[in-house]
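Visitor: I would like a close look at a single part of this protein. Please keep it brisk.

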Amino acid sequence: ERRLHFDVNMPSSNTSSQNATLLTLVLLTAFVSTSTALILPRSNTHSPHLHTTPRAPSSSTSSSSSPSLLQKLRLRLGHGKHLREAVVHKYFHGVDTKNIPQIVECFHPDEAIIRDVSSLANKEVSYEEVGKVVSAEFLGERCREFLEAHPDAKVMFHYSPTCGRGRNNNWVYAHWYEEGTWSGNSQGIEADMSPLHVQGQTRFWVDDDLKIREIVITRTFSRWEESLIKAQLS
C-alpha cells in the first residue's frame, strides 16, 4: 500500500516531463490568444448576421494594404473569419455610399471571377461556363452604371456577410436587398421613375490577402437591368 501511495503521489521523471510540456503548450496558447486578440479585435462580430446595413470599413480594412504576417497565418489556420467578412462589408458599403474606388479595392488587382447564375443572358449556359474573368476596374464600372440609374439605391441585409466555418472555407455569404428609384439615365436607357426593389444571395471567395477572387450571384433584376440586357441582345 505504501508503494502504491508513493507511485501515485510521486510521478516519474517521464510523467513530470509530459506535464511540463503540457504546461508549456497551455501557456503558449494563452499567449498567442491574448496577443492576437489585441491585434485582431472581434468587437461586434460574434453575431455578424444581425447587421442590417453594411458596416463602414475600420482602420484595418479602410486601406488597400495587405494583412500582416500574423493575420495571414491566422487566416490560413482557419481563424480571423471576421476579417473576410469585413472585406464583404466594405464592398457593400462602397455600393451604399457610391464609392467606386472603395469597391475596386475589395477585389484582387489582377483579376476576379464573376458567376451571375441568374442572368437573363445565361439561361442556357452551364454553371462551369457562366464564370467570367474580369478586372477589378470592370466590376467597379458595372457598379457605377447601376448607381447612375439608381442614385438613391440603399443596400440592406436579410442576412449580413457571414464566413463559412472550417479551416478551408473562405466563402462569405450574404443575403441582401436594395431599394430606391430608377431616376437616372444610364447606358443610353432613359429612366422611367419606377421603384427599385431587388434582392439576391451572393457568396464571395476572399483569399488570405483579403481580396475577393470570385463572386457567385443569384438575384432578381431591376427594370433598368432588364431593359439594358434586352437592348444588348437585340
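How many bridges join strand β1 to strand β6, and do these strands run parallel or antiparallel?

Guide: This is a predicted model. Four bridges join β1, residues 112–116, to β6, residues 212–219. The two strands run parallel. In general, strands of a sheet pair through backbone hydrogen bonds, in either a parallel or an antiparallel way.

Now the sheet around this pair. Six strands form an open sheet in the order β2-β1-β6-β5-β4-β3. The pairing is mixed. At the edges stand β2 (132–134) and β3 (154–163). Each has a single partner strand, so one side of each is left without a neighbour in the sheet. On average, neighbouring strands are turned by 20° against each other, direction ignored.

Helices pack on this sheet. Helix α4, residues 81–96, touches β3, β4 (171–181), β5 (195–206) and β6. The direction of α4 makes about 170° with that of β3. Helix α7, residues 136–149, also packs on the sheet. Its contacts are with β1, β2, β4 and β5. The direction of α7 makes about 95° with that of β2. Of the pair you asked about, then, β6 is touched by α4, and β1 is touched by α7.

Last, the wider setting. The protein has eight helices and six strands. Along the sequence they follow the pattern α-α-α-α-α-β-α-β-α-β-β-β-β-α. Of its 234 residues, 41% count as buried. Among contacts between residues at least 6 apart in sequence, 67% join residues at least 24 apart.

Terms used:
Residues are numbered from 1 along each chain as its sequence is written. This is a predicted model: local features need pLDDT of at least 70, side-chain atom pairs count only at pLDDT 80 or more; totals for chains, interfaces and linings use all residues. Side-chain values use heavy atoms; hydrogens and water are left out. Buried means under 20% relative accessible area, exposed over 50%, partly exposed in between (1.4 Å probe, protein chains only). Contact means heavy atoms within 4.5 Å. Two strands pair if DSSP finds at least two bridges between them. Axes are lines fitted to C-alpha atoms, for helices over the stretch in contact, and angles run from 0 to 180 degrees between N-to-C directions.
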